[in-house]
Amino acid sequence: MSNKEEKPEDQNQSSWKEFFYNPRTGEFIGRTASSWALIILFYLVFYGFLAGMFSLTMWVMLQTLDDYTPKYRDRVSNPGLVIRPKYMDIVFNRTDPLNYRKYVQHLESFLQQYNDTEQEKNELCVAGKYFEQDEEPVKKACQFKRNFLRQCSGLSDTTFGYAEGKPCVLVKMNRIIGLKPKGGPYISCNQKTEGTLQILYFPSEGKFDKMYFPYYGKKAHPNYVQPLVAVKLLLGKENYDEEISIECKIEGTDLKNNDERDKFLGRVVFRVKVTE
């Protein structure tokens, strides 16, 4: 009885061995060496052809692209506004340096590119006039030094007003290649909540000078830095412990600032709350 029970198991082991390699026919996993060679050759040719077609398609597409200007620009005419420090809610205790340190560090890091040592490599441009350089392969940039921001430069007051409860916020436009805003663009900020808040602007009147336009793109305009407007919020003790909503807009130009579908198009809203 024991021999009869063991015989089927021996047969199963033998059939599995022959499936992987059959010494009588020379087959490996059901195919001869020549059959496997033909299959491998077919897939090598097939995938090689696909790779060649993909590479050719990518090469043809890249020939249509300009290294300096994007081929498709669906948001060319109207830039958005952004602020630094990069927080929509600026909440801090003015008596605790650790509490507002992140805002100060963010501003100081951001303004490194505006230091004199960097900006003196750039050009002294003519104010009130577009700096057009269409024929130049590498475009020059106009100087914008951080001392233009005066009380919000971080030079005379290293805490940017946060220690005294009168914080500075930097406003800038997003870069748009070829943008030449008409009129005299400037930043105007207002308190959205009830009350009246005094605001100082640096440079004076919150202006963006035309000499910083147009922008030609990162590759063509490697040393370009965006002009800034510093907004200093003159909060008093009566404003402490109160959340104040501020809206800043780009005014004095043809750029849009009231599109309800995009709250960052030509404007930006942020909130400030100071405690002590």
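Read along the sequence, this protein follows the pattern α-β-β-α-β-β-α-α-β-β-β-β-β-β, which amounts to 4 helices and 10 strands.

Please note that the model is predicted: local features need pLDDT of at least 70, side-chain atom pairs count only at pLDDT 80 or more, and totals for chains, interfaces and linings use all residues. Residues are numbered from 1 along each chain as its sequence is written, and side-chain values use heavy atoms, with hydrogens and water left out.

I begin with the overall figures. Of the 276 residues, 37% are buried, that is, under 20% relative accessible area with a 1.4 Å probe and protein chains only; exposed means over 50%, and partly exposed lies in between. Among contacts (heavy atoms within 4.5 Å) with a separation of 6 or more, 73% join residues 24 or more positions apart.

An open, mixed sheet is formed by 4 strands in the order β4-β10-β9-β6, where two strands pair if DSSP finds at least two bridges between them. β4 (89–93) and β6 (186–191) are the edge strands, each with a single partner, so one side of each has no neighbour in the sheet. On average, neighbouring strands are turned by 25° against each other, direction ignored; the axes are lines fitted to C-alpha atoms. β4 and β10 (residues 267–275) run parallel and are joined by 5 bridges. Within that pairing, Ile90 has Val272 of β10 as its bridge partner.

Finally, the aromatic residues. Rings of Phe, Tyr and Trp (its six-membered ring) pair if their centres lie within 6.5 Å; planes under 30 degrees apart count as stacked, over 60 as edge-to-face, and the rest as tilted. The count comes to 15 aromatic pairs. Phe42 and Tyr43 are edge-to-face, because their ring centres are 5.2 Å apart and their planes stand at 75°. Tyr43 is partly exposed, at 41% relative accessibility. Tyr114 and Phe144 are also edge-to-face, with 5.8 Å between centres and 80° between planes. Tyr114 sits in the loop between α3 (97–110) and α4 (116–119), and Phe144 in the loop between α4 and β5 (168–173), so this pair ties together parts 30 residues apart in sequence. Tyr114 and Phe144 are both buried. One aromatic cluster comprises Tyr87, Phe92, Tyr100, Tyr103 and Tyr162.

Methods:
Helices (H or I, at least four residues) and strands (E, at least two) are DSSP runs, numbered from the N terminus. Axes are lines fitted to C-alpha atoms, for helices over the stretch in contact, and angles run from 0 to 180 degrees between N-to-C directions.
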